[in-house]
Amino acid sequence: MRQTQKVMLAFSEATTSELNEILEHRFFKEKKSPKSKSKTSLSKQQSTAPMSAIKQENSGTKNIYEIIKQMRLERNAPVDLVGPQKCFDKDKDIETQRFQILTSLMLSPQTKDDVTSKCANRLLEYTMNDIANMDEPELIKLIYEVNFNVTKAKRIKDLAQLAIYKGMPKTFEETIKIKGVGEKIALLYMQVAFQRVEGIPIDVNMIRICNRIPILKEKSPTKLRKFLESQFEHKEWGEINETLVGFGQQICLPKPKCDQCKLKDICEYYKLQNTSD
């Protein structure tokens, strides 16, 4: 326990080179975890996970995450300021707010947050009834900047009609059945609209980061979600999406700013890009 506390204390004042030394410390070395200390929250699928996942569990996932949180102290990434989960009118009734939240989230796939925010805020001027009865070409004009605007306009109109006749979905299971809603959107909707954290929403930024550092080499959002959920306590899940997404928007971009990253010395992507032939 004393050794763990020393390592965590060192994070707050460490330079990049010092962080590298910390990460090479034997505290992070691969070791077998006693069966008595295994997490009871692991599912059968996780307990039979490939060896790569088991190795990553012992390489300091939470400690790497703490370093990322240091780099995100200012919280001024697009997701922090104009993330789709923030685009709703708090003065409206709760059912309208939930409709606006889910609408904004449905606009967001394959679209930058600032563009999503612009279109979502434009829709705030219209009621559910307005959108349900709006001609699709008119709705497309209101959201024309988002990618796949034709498909998204149809699905948002369908959502408005569903909300009028049946009300907004109130569970994850109901939400994920709606066309245009995947696991990430459904989990974010539950978290924002109902303050229920039912899982860690995974997006492309998170997949990119976790494969590069690496936290876990995994392309499947569901498998990565289950792995991360096994590494953190439930009370921590709610902040992980925004923390990692913002890191992916500001530093670990598709073309990353490695000079600003405190994790570059353990990053496989950085090593690959800076290895001479």
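Local features were taken only where pLDDT is at least 70 and side-chain atom pairs only at pLDDT 80 or more, whereas totals for chains, interfaces and linings use all residues of the predicted model. Residues are numbered from 1 along each chain as its sequence is written, and side-chain values rest on heavy atoms, with hydrogens and water left out.

The secondary structure of the chain consists of 17 helices and 0 strands, where helices (H or I, at least four residues) and strands (E, at least two) are DSSP runs numbered from the N terminus. Of the 277 residues, 47% count as buried, a class defined by a relative accessible area under 20%, with exposed meaning over 50% and partly exposed the range in between (1.4 Å probe, protein chains only). Among contacts in the chain with a separation of 6 or more, 65% join residues 24 or more positions apart, a contact being heavy atoms within 4.5 Å.

When neighbours within four places in sequence are left aside, Phe-99 is in contact with Met-128, Ile-131, Ile-156, Leu-159, Ala-160, Ala-163 and Met-168.

Grid points are joined across faces, edges and corners, and a volume is the space filled by probe spheres set on the points. By this rule there are 3 cavities of 30 Å³ or more. The largest cavity has a volume of about 110 Å³ and is lined by 14 residues, of which Cys-252, Pro-256, Cys-258, Cys-261 and Cys-267 lie nearest its centre. Its lining divides into 11 nonpolar, no polar and 3 charged residues, with Ala, Val, Leu, Ile, Met, Phe, Trp, Tyr, Cys and Pro counted as nonpolar, Asp, Glu, Lys and Arg as charged, and the others, Gly among them, as polar.

The second largest cavity, with a volume of about 60 Å³, has a lining that includes Cys-87, Phe-99, Gln-100, Ala-120 and Ile-131. H7 gives the most to this lining, with 4 residues, and by class the lining has 7 nonpolar, 3 polar and no charged residues. Cys-87 itself is found in the loop between H6 and H7 and is buried, with a relative accessible area of 4%. The C-alpha atoms of Cys-87 and Ile-101 are 6.3 Å apart, although the two residues are separated by 14 positions in sequence. Beyond residues up to four places away in sequence, Cys-87 touches Ile-101 and also, among others, Val-82, Ser-117 and Asn-121.

The second largest pocket has a volume of about 850 Å³, and of the 33 residues that line it, Thr-111, Lys-184, Asp-203, Val-204 and Asn-205 are the closest to its centre. Glu-229 is found in H15 and counts as buried, at 11% relative accessibility. The side chain of Glu-229 reaches the backbone nitrogen of Ile-200 at 2.9 Å.

Several backbone features were also noted. Most residues other than glycine have a negative phi, and most peptide bonds are trans. The peptide bond from Ile-213 to Pro-214 is cis, with omega near -5 degrees, and Pro-214 lies in the loop between H14 and H15. Phi is positive at Gln-110, near 60 degrees, a residue in the loop between H7 and H8 that counts as exposed at 58% relative accessibility. Gln-195 likewise has a positive phi, of about 55 degrees, and is located in the loop between H13 and H14, where it is exposed with a relative accessible area of 61%.

Definitions and conventions
On a 1 Å grid over the protein atoms alone, a cavity is a set of points where a 1.4 Å probe fits but cannot get out, and a pocket is an open set with protein on both sides within 12 Å along at least five of seven lines; lining residues have an atom within 4 Å of a point. A polar contact is a pair of N or O atoms within 3.5 Å; within protein, one must be able to donate a hydrogen and the other to accept it, and residues adjacent in sequence count only if both atoms are side-chain atoms.
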